[in-house]
Amino acid sequence: MKNSISRQAAYIGAGSGLVLFAIFGLLPGSLLGGAAGIKFAGMLFALPLEPGIISRAIVLASMLVGVLVAGIAIVTAVSAAGWLLGRTIEAAGHHNVSEAMAAVNHK
């Protein structure tokens, strides 16, 4: 089956994960990444940071990494949950069909 229930549920989960990431993950990802970038740049250049281009680039790169990690984590988790739910539905449906076939064959 090309379009199985589990595959469709995984796609629905991935879409839901993107929406959840946009609502709940974008700001915290950039905040935590920026805090880590400031900490890292402070270790390299000493705190308080000078307004130089290199320290700003480090903070920007760490913010982007924070957003990327938050997005990957949220979308992967929700997509996997959707796939698991789809597999559960498929297994329950397959079990009901096999019971019905056994009842028909038993008569």
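Buried here means under 20% relative accessible area, exposed means over 50%, and partly exposed covers what lies in between, with a 1.4 Å probe and protein chains only. By that scale Ser-55 is buried, because its relative accessible area is 8%.

## About the model

This is a predicted model, in which local features need pLDDT of at least 70 and side-chain atom pairs count only at pLDDT 80 or more, while totals for chains, interfaces and linings use all residues. Residues are numbered from 1 along each chain as its sequence is written, and side-chain values use heavy atoms, with hydrogens and water left out.

## Overall picture

Let us start with the whole chain. The protein chain has 2 helices and 0 strands; helices (H or I, at least four residues) and strands (E, at least two) are DSSP runs, numbered from the N terminus. Of its 107 residues, 25% count as buried.

The accessible surface of the protein chain comes to about 7800 Å², and carbon and sulfur atoms hold 76% of that. Such areas come from the Shrake-Rupley method with a 1.4 Å probe, and for residues only the protein chains shown count as cover. As for contacts (heavy atoms within 4.5 Å), take those in the protein chain with a separation of 6 or more: 75% of them are between residues 24 or more positions apart.

## Helix α1 and its bend

Helix α1 spans residues 5-45. At Gly-25 this helix bends by about 55°, and a proline, Pro-28, follows within four residues. The bend at a residue is the angle between axes fitted to the seven residues ending there and the seven starting there.

What is the C-alpha separation of Leu-68 and Leu-26? These two residues are 42 residues apart along the chain, and their C-alpha atoms are separated by 8.9 Å. Leu-68 is found in helix α2 and is exposed, with a relative accessible area of 54%.

## The loop between the helices

After α1 comes Ala-46, whose phi is positive, near 75°; Ala-46 is a residue other than glycine. Ala-46 sits in the loop between α1 and α2 and counts as partly exposed at 44% relative accessibility.

A cis peptide bond joins Leu-47 and Pro-48, with omega about -5°. Most residues other than glycine have a negative phi, and most peptide bonds are trans. Pro-48 also belongs to the loop between α1 and α2, and its relative accessible area of 68% makes it exposed. Pro-48 and Ile-38 are 10 residues apart in sequence and 9.4 Å apart in space, C-alpha to C-alpha.

## Helix α2 and its serines

Ser-55 is found in helix α2, which runs over residues 53-106. Which residues does Ser-55 contact, leaving aside its neighbours within four places in sequence? They are Ala-41, Phe-45, Leu-49 and Glu-50.

Is Ser-79 buried or exposed? Ser-79 is buried, because its relative accessible area is 18%. Not counting residues up to four places away in sequence, Ser-79 touches Ala-10, Gly-13 and Ala-14.

## A nonpolar patch

Phe-40, Met-43, Leu-44, Phe-45, Ile-53 and Ile-54 make a nonpolar surface patch of about 680 Å². The elements that give two or more residues to the patch are α1 and α2, and the largest share, 4 residues, comes from α1. Patches are made of residues with over 30% relative accessible area and no salt bridge; like charges are joined within 9 Å, and nonpolar side chains (Val, Leu, Ile, Met, Phe, Trp, Tyr) within 5 Å.

## One salt bridge

How many salt bridges does a search of the whole structure find? The search finds 1, where a salt bridge is a side-chain nitrogen of Lys or Arg within 4 Å of a carboxyl oxygen of Asp or Glu. Arg-87 forms a salt bridge with Glu-90, and the closest N and O atoms are 3.5 Å apart.

Arg-87 and Glu-90 are separated by about one helical turn, because they are 3 residues apart in helix α2. Arg-87 counts as partly exposed, at 43% relative accessibility.
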